[in-house]
Amino acid sequence: MTTMRAFTAGHGDTGYTRGVVQFPIDQLGDGEVLVRVHHSGINYKDGLATTEQGRVARLDPIVPGIDLAGDVVESTDPAVPVGAMVIAHGYDLGVAHHGGYGEFARVRAEWVVPMPAGLDTRTAMLVGTAGYTAVLSVAALEGAGLVPGAGPVLVTGATGGVGSMAVGMLAARGHEVVASTGKPAESDWLRRLGASDVIDRSETAAESARPLERERWAGAVDCVGGATLSHILRTLRYGASVAASGLTGGTGLDATVLPFILRGVNLLGIDSVQTPIEVRRAMWQRIGSDLKPTWLDSIDATVIGLDALPAELDRILAGGMTGRVLVDPRT
Ligand SMILES: NC(=O)c1ccc[n+]([C@@H]2O[C@H](COP(=O)([O-])OP(=O)(O)OC[C@H]3O[C@@H](n4cnc5c(N)ncnc54)[C@H](OP(=O)(O)O)[C@@H]3O)[C@@H](O)[C@H]2O)c1
């Protein structure tokens, strides 16, 4: 087989197009490992990588898909044997290197995470980049001293991929979770995931001229940024931390130094893309064991084929995604 079905986005003879094409396997890029993709996820960044204005993709056209899981069908690295089930996400994948929205992906051996015991390709991609980012966020908060019983932990953008995984993960670890969402209709679902309270997005995105407001949160996972992150900094309790990973609400940050120097709060930056591979493999082992998302069955998960991608990519860019949508490029 010399070509495969793949979803591509980029400039062609008729301008910028997205759609399913026959793609030459020998043009997948460098890498020791050829993976047959069983599942890939849909992330906000995938939405950005498939629009002309997104300024995320550095290949044109690109096979997007920033995360994938599947089986190894070719390998020149003995550490990654043929037949192994693997996960890959981040680094250049789906951005500067063809990603998971094709039947096959060629990846570097040093990007490969062995599938942890207890996970399969579907559950691994249900977790995906979003869940991995949530795990990094929760680990950062706990590393900075957050313990169950400390008080309410705010999760913003709670119905999104990172947010919903953070809600479930924090609740499973015994934290009191307050979910902030712009989708009140999803309140019951957020409570089923483990939120003890659900508040409206307008409350956590409210602007204020005051540099400090009433201390509320023992910790926060912020997937939104902008005015929301400013609000969190003004309302964190003394010594508390926010793990900041997202920008759906904007990249700007209007803040003063007062929360830092008067309340000793911490702004913890979360990056899932360039985590060193040893850290990443160890974190995935934890996702398969002590951090295993036992509530995954409560996540609304749909699996779509490549043809259905445009509608779902538009939905995530419009902030309309709830739960997780997986892509099975074999269908
Ligand atoms: N740092 C990293 O390594 C890393 C990794 C993964 C993702 N991210 C970033 O994290 C963010 C979330 O990613 P995701 O994949 O979870 O995306 P997602 O599924 O689209 O979730 C984002 C959520 O943010 C909320 N939202 C959307 N538009 C908003 C707006 N204008 N103002 C306030 N809230 C808004 C929505 O939740 P509600 O309706 O419930 O409010 C939405 O579901 C993105 O910015 C993404 O780029 C960063």
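Helices (H or I, at least four residues) and strands (E, at least two) are DSSP runs that are numbered from the N terminus. In the legends below, residues are numbered from 1 along each chain as its sequence is written. The structure is a predicted model in which local features need pLDDT of at least 70 and side-chain atom pairs count only at pLDDT 80 or more, whereas totals for chains, interfaces and linings use all residues, and side-chain values use heavy atoms, with hydrogens and water left out.

**View 1. A144 and S272, two residues 128 apart along the chain.** A144 sits in the loop between α2 and β8 (152-156). With a relative accessible area of 36%, A144 is partly exposed, a class that falls between buried (under 20% relative accessible area) and exposed (over 50%), as found with a 1.4 Å probe on protein chains only. Between the C-alpha atoms of A144 and S272 there is a separation of 18 Å.

**View 2. The largest pocket, with a volume of about 1,000 Å³.** Of its 46 lining residues, the closest to the centre are Y44, V162, C223, G246 and T248. Rolling a probe the size of a water molecule over the atoms shows where empty space is left. Here a 1 Å grid over the protein atoms alone is used, and a pocket is an open set of points with protein on both sides within 12 Å along at least five of seven lines, unlike a cavity, where a 1.4 Å probe fits but cannot get out; lining residues have an atom within 4 Å of a point. Grid points are joined across faces, edges and corners, and the volume is the space filled by probe spheres set on the points. At least two lining residues come from each of α1 (44-49), α2 (121-143), α3 (161-172), β9 (176-181), α6 (226-235), α9 (309-317) and β15 (324-327). By class, the lining of the largest pocket holds 19 nonpolar, 22 polar and five charged residues, where Ala, Val, Leu, Ile, Met, Phe, Trp, Tyr, Cys and Pro count as nonpolar, Asp, Glu, Lys and Arg as charged, and the others, Gly among them, as polar.

**View 3. The second largest pocket, with a volume of about 210 Å³.** This pocket is lined by 17 residues, and those nearest its centre are S208, S230, R234, D254 and A255. Helix α6 gives the most to the lining, namely five residues. The lining of the second largest pocket divides into eight nonpolar, five polar and four charged residues.

**View 4. R234 and E213, joined by a salt bridge.** A salt bridge is a side-chain nitrogen of Lys or Arg within 4 Å of a carboxyl oxygen of Asp or Glu, and by this rule the count comes to eleven salt bridges. In this pair, the distance from N to O is 2.7 Å.

**View 5. R18 and D314, a salt bridge between a strand and a helix.** The closest N and O atoms of R18 and D314 are 3.1 Å apart. R18 belongs to strand β2 (residues 15-24) and D314 to helix α9, so this pair ties together parts that are 296 residues apart in sequence. R18 counts as partly exposed at 28% relative accessibility, as does D314 at 41%.

**View 6. D46, a buried residue without a salt bridge.** D46 lies in helix α1. The nearest side chain of opposite charge, that of R324, is 7.2 Å away; for charge, Lys and Arg count as positive and Asp and Glu as negative, while His and the chain ends are not counted. A polar atom of the D46 side chain lies 2.8 Å from the backbone nitrogen of N43.

**View 7. Backbone angles at P61, R55 and Y91.** Most residues other than glycine have a negative phi, and most peptide bonds are trans. The peptide bond from D60 to P61, however, is cis, with omega near -5°, and P61 is found in the loop between α1 and β4 (67-75). R55, which lies in the loop between α1 and β4, has a positive phi of about 50° although it is not a glycine, and at 79% relative accessibility R55 counts as exposed. Y91 has a positive phi near 50° as well, but Y91 is found in the loop between β5 (85-89) and β6 (104-107) and is buried, with a relative accessible area of 12%.

How values were computed:
A polar contact is a pair of N or O atoms within 3.5 Å; within protein, one must be able to donate a hydrogen and the other to accept it, and residues adjacent in sequence count only if both atoms are side-chain atoms.
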